[in-house]
Amino acid sequence: MKGKQIKKKICLLGLYGVGKTSLVRQFVYNKFEEKYLSTIGVNISKKSIELTNDFNENILLEFFIWDIANIEKFDTVTQSYLSGAHGAIVVSDILRESIIPQTIEYTNKFLEINNNSKIILVGNKFDLADKNSFDSDNYISKLSSLNLPFYFTSAKTGENVENVFHSLGKSLI
Ligand code: GDP
Ligand code: MG
């Protein structure tokens with residue numbers, strides 16, 4: 001493909017077990033694992049996507065995706081990993097509404113480190129939502145104070161996973 005090539009560092013944020021590693025795995029390898037994939041230190045995956053910018057130019061965007069262990073600690077090591085990121089995907093788990101305040105806190109802390117970063121919010125494990133009782137509008141409204149794009153995803157079925165990365169990519173080029 002002809003066109004510009006751009007490299008961007010992005011990070012996954014969110015509490016233990018929300019599906020950060022699973023989302024990266026689905027996006028990069030189209031694979032899903034039911035068991036917990038323990039993350040040690042930091043895993044950096046690469047994947048390129050093709051996009052067109054506002055001038056209709058082809059862009060090859062290479063993501064460097066940082067999946068950081070114990071990200072919820074926000075200690076100095078974590079902060080040094082986050083530093084210099086152009087974007088982040090902040091993940092919450094739709095089965096645990098109680099973690100929404102932490103999700104908001106992580107987003108704000110990340111923005112303190114990387115002021116001009118682009119962020120997409122994700123409510124993951126959407127495949128497990130009870131279609132009769134899950135109130136998606138209510139869930140979204142709890143994150144609306146952040147005023148950021150939001151998607152429901154499933155790292156298991158792949159629903160919206162590509163869309164999240166493409167949407168973040170679009171905002172980065
Ligand atoms: P992390 O700690 O945020 O990296 O979470 P993981 O990616 O390791 O996922 C934690 C657990 O949730 C694992 O058992 C995954 O199989 C499971 N999981 C992650 N995403 C999904 C999803 O979208 N749907 C379902 N059903 N399970 C998921
Ligand atoms: Mg992980």
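F165 is buried in this predicted model, because its relative accessible area is 1% and the cut-off for buried is under 20%. Its ring pairs with that of F27, a residue that also takes part in other ring contacts described below. Welcome to a short tour of the aromatic rings here, which form twelve pairs.

**F27 and F165**
- The rings of F27 and F165 are stacked, with 3.8 Å from centre to centre and 0 degrees between the planes.
- This pair links distant parts of the chain: F27 belongs to helix α1 and F165 to helix α5 (residues 161-172), 138 residues apart.
- F27 counts as buried because its relative accessibility is 1%, and buried means under 20%.

**F27 and F63**
- A pair of aromatic rings is described by the distance of the centres and the angle of the planes.
- For F27 and F63, the centres are 6.2 Å apart and the planes stand at 70 degrees, so this pair is edge-to-face; the label applies to angles over 60 degrees.
- Here too, distant parts of the chain are linked: F27 sits in helix α1 (residues 20-29) and F63 in strand β3 (residues 58-68), 36 residues apart.
- F63 is buried, and so is F27.

**Charges over rings**
- K47 lies over the face of F27, 4.6 Å from the ring centre.
- K9 places its charged end over the ring of W66, at 3.7 Å from the centre of that ring.

**A cluster of rings**
- F126, F134, Y139, F150 and F152 are joined into a cluster by ring pairs.

Key:
Residues numbered from 1 in each chain as written. Chains lettered and ligands numbered in written order. Predicted model: local features only at pLDDT ≥ 70, side-chain atom pairs only at ≥ 80, totals over all residues. Heavy atoms only, no water. Phe/Tyr/Trp six-rings, centres within 6.5 Å; stacked < 30°, edge-to-face > 60°. Helix = DSSP H or I, 4+ residues; strand = E, 2+ residues; numbered from the N terminus. Buried < 20%, exposed > 50% of the residue type's maximum accessible area, 1.4 Å probe, protein only. Lys NZ or Arg CZ within 6 Å of the ring centre and 35° of its normal.
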